[in-house]
Each structure stands twice: as C-alpha cells, then as structure tokens.
Amino acid sequence: MDEHFRHKDVYQHSLTVLEQAIALEPRYGLEGDLRLRLAALLHDVGKPKTRRLLPDGRVGFHHHEVVGASLAGARLSQLRFPKDLVNDVATLISLHLRFHGYHEGGWTDSAVRRYVRDAGPLLTRLHALTRADCTTRNRQKAARLARAYDDLEERITFLAEQEELEKIRPDLDGNQIMEILGVRPGPVVGQASRHLLELRLEHGPLGTERAVQELRRWAEAQGLPPGGGSTA
C-alpha cells in the first residue's frame with residue numbers, strides 16, 4: 001500500500017524527508033539552503049486537515065499540498081520570516097506533488113514547460129524536495145521513481161537547450177502587440193500577451209510570423225477591430 005494513502009506518522013516522515021533533502025543539497029548546489037529545508041520539514045503540514053477515509057478503505061489527503069502551502073505560509077509569516085522566503089517555501093510545498101502525474105502517465109512537452117514555468121527560480125529546490133519526498137521502503141518502487149525523475153530532469157535539460165526554458169515569454173512583446181493590434185496600453189495587451197504565452201507553453205517557440213497570425217486570429221475571436229500596424 002502506498003504511504004501517501006496510508007495513515008502514518010507525518011512527523012517522522014517529514015524528518016526523514018528533511019534528512020534526505022539535506023543529503024541532496026550538494027547534488028544541486030544548495031548547501032545549507034533554508035528554503036529547501038523549511039519546505040521539506042513543512043511539506044505535509046496540510047495532511048491532518050485534509051485526512052479523509054476513502055470509499056475503498058484507504059486514507060486520502062486530497063489537496064493537502066494546497067492547504068499545506070497556506071498553513072506553512074501563515075505560520076512562517078507569524079514567525080517573521082522574510083516575505084520572499086515565505087512565498088518561496090509556500091510555492092515549493094504547493095508544487096511538491098506535481099511530479100506524481102509524470103511518473104504515472106508521462107507528460108507532453110507542454111506539461112514539462114509548465115512545470116519549469118511554475119517552479120521558476122525554485123526549480124533546483126523542487127528537484128531536491130521531490131526526490132527527498134520518496135521514503136518508501138519498497139526498493140523497486142524507489143528505483144522506479146528515481147528513474148522517472150531522472151527522465152524528467154533530462155527532458156527539462158533537453159528542452160532548455162532547445163528553447164531557453166528559463167526565459168519563457170511570449171513570442172511578441174507588449175510594444176509589438178500594441179502595434180499589430182493598433183491599441184494603446186491597457187487590459188487588451190495583457191490578455192493578448194497571456195494568450196501568446198499559453199501558445200508558447202503549449203507548442204514551444206512560434207516565431208514572429210506565426211505569432212502575428214495567432215495574435216490576429218485571437219483578436220478577431222475577441223471581436224477586436226483589425227489593427228493597422230506591423231512588426232516591420
């Protein structure tokens with residue numbers, strides 16, 4: 001039975017994850033990293049509030065990562081930790097289960113891009129936290145999870161080399177959007193930029209020509225009048 005569904009000592013599990021995270025710090029150049037250590041210690045703090053008995057007799061903790069991020073953020077704020085550290089720890093906790101969708105069914109390139117985008121500058125810490133959270137005593141399962149995360153990191157590296165993942169942004173900037181649509185600064189520019197970013201995440205780099213086409217197609221669907229500008 002998987003330990004995530006079985007009632008177990010969350011405190012002891014959290015200490016084990018903390019120890020494993022510390023052991024992983026040199027691998028990721030994170031020696032003595034307070035954000036990682038706090039996230040490891042608090043990653044399952046939402047489990048007690050979300051513990052539910054499932055119809056099949058197992059115990060579930062639905063959305064405990066979301067509840068845990070909120071609880072951890074509130075407590076760290078009460079302890080007067082810096083706001084940026086609090087936000088980073090909460091983000092790590094909120095993302096610490098994301099990987100399980102990868103090893104269960106694989107991800108498209110767009111899902112890998114979103115994983116990198118959502119982690120942002122916390123990506124290496126998320127790598128360490130996710131690996132540290134594997135405390136199963138089943139060696140075959142542990143090896144399978146490790147191989148799956150190795151594969152995810154390799155895909156991230158490959159896509160990063162191809163697409164500069166750490167710099168993911170729409171293929172057109174705000175000035176180009178305004179010129180093409182013939183609009184002034186305002187909500188439309190932000191909406192258009194978000195639409196192009198979603199396309200970028202879904203399909204990878206579009207290139208200027210296709211991005212312009214997609215922008216105009218989006219504007220037409222939004223009922224916006226045709227713009228008179230160009231990217232030239």
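A contact here means heavy atoms within 4.5 Å. By that count, residues 24 or more positions apart account for 68% of the contacts in the protein chain with a separation of 6 or more.

This is a predicted model: local features need pLDDT of at least 70, side-chain atom pairs count only at pLDDT 80 or more, and totals for chains, interfaces and linings use all residues. Residues are numbered from 1 along each chain as its sequence is written, and side-chain values use heavy atoms, with hydrogens and water left out.

Start with confidence. pLDDT is the predictor's confidence in each residue, from 0 to 100. Its mean over the protein chain is 85, and 90% of the residues reach 70 or more. Over residues 1-7 the pLDDT is below 50, yet this stretch has 21 contacts in the model beyond near neighbours in sequence. Residues 228-232 also stay under 50, with twelve contacts beyond four places in sequence. Where pLDDT is low, the predicted coordinates should not be read in detail.

Next, the layout. The protein chain has twelve helices and two strands. These are DSSP runs numbered from the N terminus: helices are H or I with at least four residues, strands are E with at least two. The order from the N terminus is α-α-α-β-β-α-α-α-α-α-α-α-α-α. Of the 232 residues, 42% count as buried. Buried means under 20% relative accessible area, exposed means over 50%, and partly exposed lies in between (1.4 Å probe, protein chains only).

Now take α1 (10-24). The expected span is 1.5 Å times one less than the number of residues. At the start of α1, a side-chain oxygen of Asp-9 comes within 3.0 Å of the backbone nitrogen of Tyr-11. Which residues of α1 are buried? They are His-13, Ser-14, Val-17, Leu-18, Ala-21 and Leu-24. The arc is taken over the directions from the helix axis to the C-beta atoms. Tyr-11, Glu-19 and Ala-23 are exposed on the face turned away. The buried residues of α1 pack against α2 and α8.

Helix α4 covers residues 64-78 and reaches 21 Å between its first and last C-alpha, close to the expected 21 Å. His-64, Glu-65, Gly-68, Ala-69, Ala-72, Gly-73 and Leu-76 are buried in α4. They cover an arc of only 160° around the axis, which puts them on the same side of α4. Val-66, Ser-70 and Gln-78 are exposed on the face turned away. The buried residues of α4 pack against α2 (34-42), α3 (47-50), β2 (59-61) and α5 (83-95). After α4 comes Arg-80, with a positive phi near 65°.

Finally, the cores. A nonpolar core is a set of buried Ala, Val, Leu, Ile, Met, Phe, Trp, Tyr and Cys residues joined through side-chain atoms within 4.5 Å. The largest has 40 residues; Val-89, Ile-93, Phe-99, Tyr-115, Leu-129, Leu-152 and Ile-156 touch the most other members. Helices α1, α2, α4, α5, α7 (109-119), α8 (123-132) and α9 (139-163) each supply at least two residues of this core. α5 gives the most, with seven. Not counting residues up to four places away in sequence, Phe-99 touches Trp-107, Tyr-115, Thr-130, Leu-145, Ala-148, Tyr-149 and Leu-152. A second, separate core of 15 residues includes Ile-177, Leu-181, Leu-196 and Leu-199.

Definitions and conventions. Polar contact = N/O pair within 3.5 Å; in protein donor to acceptor, adjacent residues only side chain to side chain.
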